[in-house]
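Here are a few exercises to work through with the model open beside you. Try each one before you read its solution.

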Amino acid sequence: MTALRYLGFGVMTAFIAACTAPGTHVATPIPGDSAVPAKKEDVALKPLQVPSLDQLPETPARSLAAKYQAVQWGALPGWKDDNLDHVWKAFVNNCKGLMRPVSGSLAMPARATPRAWQPVCLAAQNSGLGTESADTAAIRQFLETHLQPWRLLDEKGRVAKNTVTGYYEPLLQASKRQHGVYQWPLYAVPSDLLTVDLGGLYPELAGKRIRGKLTADNRVVPYDTRGEITSNPQRQPKVLVWAADPVEAFFLQIQGSGRAVLDNGKAVRLAYGDHNGHPYSSIGKWLADKGELPLAQTSMQNIKQWAKANPHRVNEMLNVNKAMVFFNEETIVDPQLGPKGAYGIPLIAERAVAIDPTFVPLGTPVYLATSFPASQSPLRKLVFAQDTGAAIKGAARTDFYWGTGDQAGNQAGRMKQNGEMWLLWPKDAGAPTAR
C-alpha cells in the first residue's frame, strides 16, 4: 500500500510502534510523497503484455546507494526450501508493473530498469505457466535460468544487515449507513483538498508536497485537522463507511488501507486516497502522558479496552492526532490480492515487502533471509520490493507484508527481526540499476 507512509498505499510497523512512535512506517506510503497516484489503471487484473524494447524508451539512470556482489544460487540460505507458493502469480504481476514506461520524474521512487527486465518478462509471458501455477520445479528452473542473485551490500561494501518489521491490511466491521454501533466515519477524499507539488517550482524540493484548501479571499491555508473535520457536519467529506469501533478505524488510517466487512456480508477495500497534510501524533503517547496507560502497554487491544471504559473521552483521544487519512473505495475482485503498494501493484501476503528504493529499486525480486516474529525459526522467502515507507530507510531495512486480518496483524505486531537480502536481477543485464 503506498505505506501512511506519513509516519509514503503505503508501510506500517507493529501496532505498538504505530501507537507510540511518531513518524512510524505504515503499510502504505502516501501517494505523491513517494508513490504512484491513488487512482490509476489496475494493471494487475489485465493479462501480461510485454512491449518490444523500442516501446520502452530509455530514461536517465537513477543512482543507487548500495553495492552489489554477484553470487551463485547455492549461496542463498534455504533457497531450495522455499515452496514458492504464489510466487508465479506475484512474478507475473510484478512484470506488469515493470513493463510500464517510467516517467523519469525524480519525485517518484527509483524503479527497476524496465529495459533490463523486458527479455525476462517476455520469457515469462511465453513460458506456458499459468498465473496460478504451483509447478514449483518449473518455476524454480525459470528463476534460476533467467535471474542472477546479487548480495546487497551497504555504501561501504559491507554485507547489509538490518531490521525487518511487519505490516498488514486491517479488517474491520462497518456499514454503509450510520446506525447502532456503526458510528465512526471513514471519509472519501474531500473535493476542496488541494495538493501543491513543490518540486514543480523548486527542483531541490522534488517529491515534496503540501496540502491545504482555498479560502474565500483566494489564500491557500492548511487543511482542517481531524478534530475540525469531525466537529463540523457542514464541512465533512463524503462518508464511505461507518465503522463499528473507533480504535480499529483509527488503526486502519495508520495502516493506510484496509478491508471493511459490511453488515450486509459484502467486503470492500478502503484504499489510501489522500491525507489532510497534518503530521501524525501518537495517541499511545498521549495516554501514557495522561497516566491512563503505561507506554509499554499501549497496544491496540489495550487502547480498545480504554476506549470502551471511557466512551466520553474517545474523541478527545483521537483528536490528539491532527492527521486524517481519506480513502477510495475499491471492489475486491481477487481476495488473494491485497492493497496496492508504492509500486502500484497489489501486494500478495508473505510475498511482498517494503524497502528503501535508494538501495533496492521498486519492482525488484528479492530473496529475504530473516526469522519468524519473536523467534529464531528461519523465515527465508522470495519476495518482491513493491512498497516503501517513511521509516523504512537504509540498506536491507525491510517491512514484510503479512496479509489481511487479525492473524496477519498479530504476526506484524510482533515482528522485529534481523535480516539480509539478495536482489534477483536479469542474468544478462549486469548489476542492478534503476530509472
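**Exercise 1.** Does Arg-351 count as buried, partly exposed or exposed?

*Solution.* Arg-351 comes out at 1% relative accessibility, so it counts as buried. The cut-offs are under 20% relative accessible area for buried, over 50% for exposed, and partly exposed in between, with a 1.4 Å probe and protein chains only. Before going on, a word on ground rules: this is a predicted model, where local features need pLDDT of at least 70, side-chain atom pairs count only at pLDDT 80 or more, and totals for chains, interfaces and linings use all residues. Residues are numbered from 1 along each chain as its sequence is written, and side-chain values use heavy atoms, with hydrogens and water left out.

**Exercise 2.** Find the salt-bridge partner of Asp-82 and work out what the pair ties together.

*Solution.* Start with the criterion: a side-chain nitrogen of Lys or Arg within 4 Å of a carboxyl oxygen of Asp or Glu. Asp-82 meets it with Arg-351, with 2.9 Å between the closest N and O atoms. Now place both ends. Asp-82 sits in the loop between strand S1 (67–70) and helix H2 (87–98), and Arg-351 in the loop between strands S14 (346–348) and S15 (352–354), so the bridge ties together parts 269 residues apart in sequence. Helices (H or I, at least four residues) and strands (E, at least two) are DSSP runs, numbered from the N terminus.

**Exercise 3.** Now take the salt bridge between Asp-192 and Arg-235: which parts of the chain does it link?

*Solution.* The closest N and O atoms of Asp-192 and Arg-235 are 3.0 Å apart. Asp-192 is in the loop between strands S5 (184–187) and S6 (194–197), while Arg-235 is in the loop between helix H5 (226–230) and strand S9 (239–243), so the two are 43 residues apart. Which residues of H2 meet H4, and how do the two helices lie?

*Solution.* First, the contacts, meaning heavy atoms within 4.5 Å: Val-87, Trp-88 and Phe-91 in H2 meet Ile-139, Phe-142 and Leu-143 in H4. Next, the geometry. The axes of H2 and H4 (residues 136–146) come within 10 Å and cross at roughly 40 degrees. Axes are lines fitted to C-alpha atoms, for helices over the stretch in contact, with angles running from 0 to 180 degrees between N-to-C directions. H2 and H4 are therefore oblique to each other. That label covers what is left after under 35 degrees (roughly parallel), over 145 (roughly antiparallel) and 65 to 115 (roughly perpendicular). Finally, burial: twelve of the twelve residues of H2 are buried, so the rest of the structure largely encloses this helix.

**Exercise 4.** What is the strand order in the open sheet of three strands?

*Solution.* The order is S6-S7-S8, with antiparallel pairing; strands pair if DSSP finds at least two bridges between them. S6 and S8 (220–222) are the edge strands, each pairing on one side only. S7 (residues 209–214) is joined to S8 by three bridges, and Gly-212 stands opposite Pro-222 in S8.
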